[in-house]
Amino acid sequence: MKIARWYNNHDIRIEQVPRPVPGPGEILVKVQSCGICGSDVVEWYRLPRAPLVPGHEIGAVVAEVEASVADYRPGDRVFIAPKVPCGQCEYCQKGHFPVCSNVKERLPGGMAEYICVPQTLVEKGTYRLPDAISYDQSTFIEPLACVVRAQRLAEVGAGQTVLVMGCGMSGLLQIKLAAARGCRVIATDITAQRRAAAAAMGAQETIDAAEDVAGQLDGRADVVVLCTGAMTAVEQAWRCVDSGGAVVFFAVPGPDKSVTVPINAFWTREIRILTTYYCGPPDIDEAIRLLAAGTVSVDDMITHRLPLEDVAQGFELVLDGKESIKVIINPGK
Ligand SMILES: [Zn+2]
Ligand SMILES: [Zn+2]
């Protein structure tokens, strides 16, 4: 079978490997759709594990089940989480699933014709897709779950003003979810196409990130969500957050950068600064509900569908970021 192997953003090779055979407790799934995530193209984040098969936003159909597996059968439509927390350690007990200290198995990368799902993930990380969610739509479950988590931890609620900085795929999902929850949403980006997408997807107002964002803002934001690693956005975030509000680092500047916090000014204004990373099982459940109910629609975000052979082109599209929003690889086609 074919897989895509990523060496760096400009060296992605299609390679032939033997089709895996499911061992005890495992299932073999045929990948139908796999999204390219913004984090897949962040080299400082991915290179330490390269070469690797990318892809963690997967919709698949079960192809084979090992004899001891009772819960699934060939033909079942599934989404599989990239990893599952243990649920037992002190982090899991406190709801900090993304930092579980007992994660051993990870889902193999989805840019492949087939993947063998490890037993732990068959048992705790595989979700049947509701009929209302297509394979392409299912690639949004994981990214939307991360957005659900960020807005829950930031206590986003109806009537608030939410400022989303950076309107790539995850920024647009932040906008859609906040709008669906009855927030007033303002979005910033440096590119006009992305600002137009933000306006079409629920932002009441958009501001060119190259301009004085705080100066153009009418009042301040209850929650500022950083969906870009740009240092200028961090500076703007500090100036745009309201007293009692929160700044969420959903994306971060690279590891060589450090951020200066105006902590004295924030101290007396009770401003919270938080980071959110990845998602947990309750966030995935919520994302599936939101997509199945149509509360968050995603079809308008899919700009490109490509066969596995064209993964390299897909990465170029995501890196360029101008004409693409969501790029989906369909290895079955
Ligand atoms: Zn992702
Ligand atoms: Zn744990």
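Domain bounds here come from an automatic or database domain assignment. On that basis, the protein is divided into domain 1 (2–144 + 279–330) and domain 2 (155–275). This is a predicted model, in which local features need pLDDT of at least 70 and side-chain atom pairs count only at pLDDT 80 or more, while totals for chains, interfaces and linings use all residues. Residues are numbered from 1 along each chain as its sequence is written, and chains are lettered from A and ligands numbered from 1 in the order in which they are written.

Colour the two domains first. Taken over C-alpha atoms, the centres of domain 1 and domain 2 are separated by 28 Å. Contact (C-beta atoms, placed from the backbone, within 7 Å) links 12 residues of domain 1 with 14 residues of domain 2.

Next, select Leu144, Val224, Val225, Leu226 and Val248. These have the most contacts inside the largest nonpolar core, which has 98 residues. Such a core is a set of buried Ala, Val, Leu, Ile, Met, Phe, Trp, Tyr and Cys residues joined through C-beta atoms within 7 Å; buried means 20 or more other C-beta atoms within 10 Å of the residue's own. Helix H5 (residues 141–153) gives the most to this core, with 7 residues. Each of domain 1 and domain 2 supplies at least three residues to the core.

Centre on Val225. Leaving aside neighbours within four places in sequence, its contacts include Ala150, Val162 and Phe250.

Finally, display H5 with helix H11 (residues 281–293); their axes, lines fitted to C-alpha atoms over the stretch in contact, lie 8 Å apart at an angle of about 110°. The two helices are therefore roughly perpendicular (65 to 115 degrees). Among the contacting residues are Leu144 and Val148 of H5, and Ile284 and Leu291 of H11.

Definitions and conventions. A residue is buried if 20 or more other C-beta atoms lie within 10 Å of its own, exposed if 12 or fewer, and partly exposed in between; C-beta atoms are placed from the backbone. Helices (H or I, at least four residues) and strands (E, at least two) are DSSP runs, numbered from the N terminus. Two residues are in contact if their C-beta atoms, placed from the backbone, lie within 7 Å. Axes are lines fitted to C-alpha atoms, for helices over the stretch in contact, and angles run from 0 to 180 degrees between N-to-C directions. Angles under 35 degrees count as roughly parallel, over 145 as roughly antiparallel, 65 to 115 as roughly perpendicular and the rest as oblique.
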